[in-house]
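Colleague: I would like to go through the side-chain contacts and the helix packing of a model. Please take the features one at a time.

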Amino acid sequence: FADHKATAEVWYRLLNLGFRLPAAAGTDAMANYASLRGPVGMNRVFLDTAGSRDIDAAFAALKSGQGFVSNSPLLGLLLDGRKPGQTVDLSAAGARKFSVALRSPVPVDHLELVHNGKVIKSFALAGDRRSFDIEGELELDKGGWLLLRAWNDGADPQVLDLYPYASTNPIYLKSPAGPPSAQSDASYFAEWIDRAIWAMKARTEFNDEGEKRETLDYLKRASDAYLSLAESQGTISP
């Protein structure tokens, strides 16, 4: 989550395609210190391990997406009693009860519920904008996913990053009608990979022609997979 907005756009598209990819945080070098304005460990992942502190519970929570990522705000989200990483069945008609919580060491500008990549509810923060709790109901008739995010328009001197930011992992939504089409998202990745193939053909750093051919074949298979999604319903089976 070095550049949160750009990362979120790509992540949302992958979620739209049906990939259950939990968010995490980490870094392996200080090479980008100047651009990030912050040290290693600024972006963190918080995991719900049900009180367990052993490494197996942490890995299980990370893999299933039970938690949130943040460089400062703390977030909480429940939908029909389900937490991030879990699934809500929309088979039964009616509104869904939600619960949202925010705690932050710095004022927060925006707190939003995002459904399939689009903001469906924004919460007005008042006072010091560091604490917020609300319960309510949502009308959700489409499958896919829902998450809570917090972000600021600009930097804060107390947060050594581009700007304060946090996001829960998705709560997945199962609908009898299935997920909405994500054909444009599939096309986005097919076109992205095609640009990579075009650039790769001009590279000369390969050890030999066989290695280059193997790399290009791998990218071509990936492009074909996304094109197949774009030509069909646009999502994979969960």
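Predicted model: local features only at pLDDT ≥ 70, side-chain atom pairs only at ≥ 80, totals over all residues.

Colleague: How many aromatic pairs does a search of the whole structure find?

Modeller: The search gives 10 aromatic pairs. One of them joins Trp11 and Tyr12, with 6.0 Å centre to centre and 35° between the planes. That pair is tilted, because planes under 30 degrees apart would count as stacked and those over 60 as edge-to-face.

Colleague: Is Trp11 buried or exposed? And what about Tyr12, buried or exposed?

Modeller: Buried means under 20% relative accessible area. Trp11 has 8%, so Trp11 is buried. Tyr12 has 7% and is therefore buried as well. Tyr12 has a further ring partner in Trp145: the ring centres are 5.1 Å apart and the planes stand at 40°, so this pair is tilted too.

Colleague: Which parts does the pair of Tyr12 and Trp145 tie together?

Modeller: Tyr12 belongs to helix H1, residues 4-16, and Trp145 to strand E9, residues 144-151. The pair therefore links parts that lie 133 residues apart in sequence. Both Tyr12 and Trp145 are buried.

Colleague: Which residues form an aromatic cluster?

Modeller: Tyr188, Phe189, Trp192 and Tyr226 make up one aromatic cluster. Tyr188 also has a charge over its face: Arg13 is placed there, 3.9 Å from the ring centre. In another such arrangement, Arg20 lies over the face of Tyr172, at 4.1 Å from the ring centre.

Colleague: Now the salt bridges. How many does a search of the whole structure find?

Modeller: There are nine salt bridges. One of them is between the side chains of Arg149 and Glu112, at 2.7 Å from N to O. Arg149 is in strand E9 and Glu112 is in strand E6, residues 110-115, so the bridge ties together parts 37 residues apart in sequence.

Colleague: Are those two side chains, Arg149 and Glu112, buried or exposed?

Modeller: With 16% relative accessibility, Arg149 counts as buried. Glu112 is buried at 8%. For another setting, take Arg203 and Glu205, a salt bridge whose closest N and O atoms are 2.8 Å apart. Here Arg203 is partly exposed, with a relative accessible area of 42%, while Glu205 is exposed at 54%.

Colleague: How many residues apart in helix H5 are Asp224 and Lys220?

Modeller: They are four residues apart in H5, residues 209-231, so about one helical turn separates them. Asp224 and Lys220 form a salt bridge, with 2.9 Å between the closest N and O atoms. Asp224 is partly exposed at 36% relative accessibility, and Lys220 is partly exposed at 43%. Elsewhere, salt bridges with shared partners join Glu9, Arg13 and Asp185 into one network. Arg13 is also the residue over the face of Tyr188.

Colleague: What describes two packed helices?

Modeller: The description uses the angle between the axes and the distance between them. In this model, the axes of H4, residues 183-201, and H5 come within 8 Å and cross at roughly 160°. Angles over 145 degrees count as roughly antiparallel, and H4 and H5 are therefore roughly antiparallel to each other.

Colleague: What is the handedness of the crossing where H4 passes H5?

Modeller: The crossing of H4 and H5 is left-handed.

Note on methods. Residues numbered from 1 in each chain as written. Heavy atoms only, no water. Phe/Tyr/Trp six-rings, centres within 6.5 Å; stacked < 30°, edge-to-face > 60°. Buried < 20%, exposed > 50% of the residue type's maximum accessible area, 1.4 Å probe, protein only. Helix = DSSP H or I, 4+ residues; strand = E, 2+ residues; numbered from the N terminus. Lys NZ or Arg CZ within 6 Å of the ring centre and 35° of its normal. Salt bridge = Lys/Arg side-chain N within 4 Å of Asp/Glu carboxyl O. Axes fitted to C-alpha atoms, helices over the stretch in contact; angles between N-to-C directions. Parallel < 35°, antiparallel > 145°, perpendicular 65-115°, else oblique. Left-handed = near helix turned anticlockwise from the far one by under 90°.
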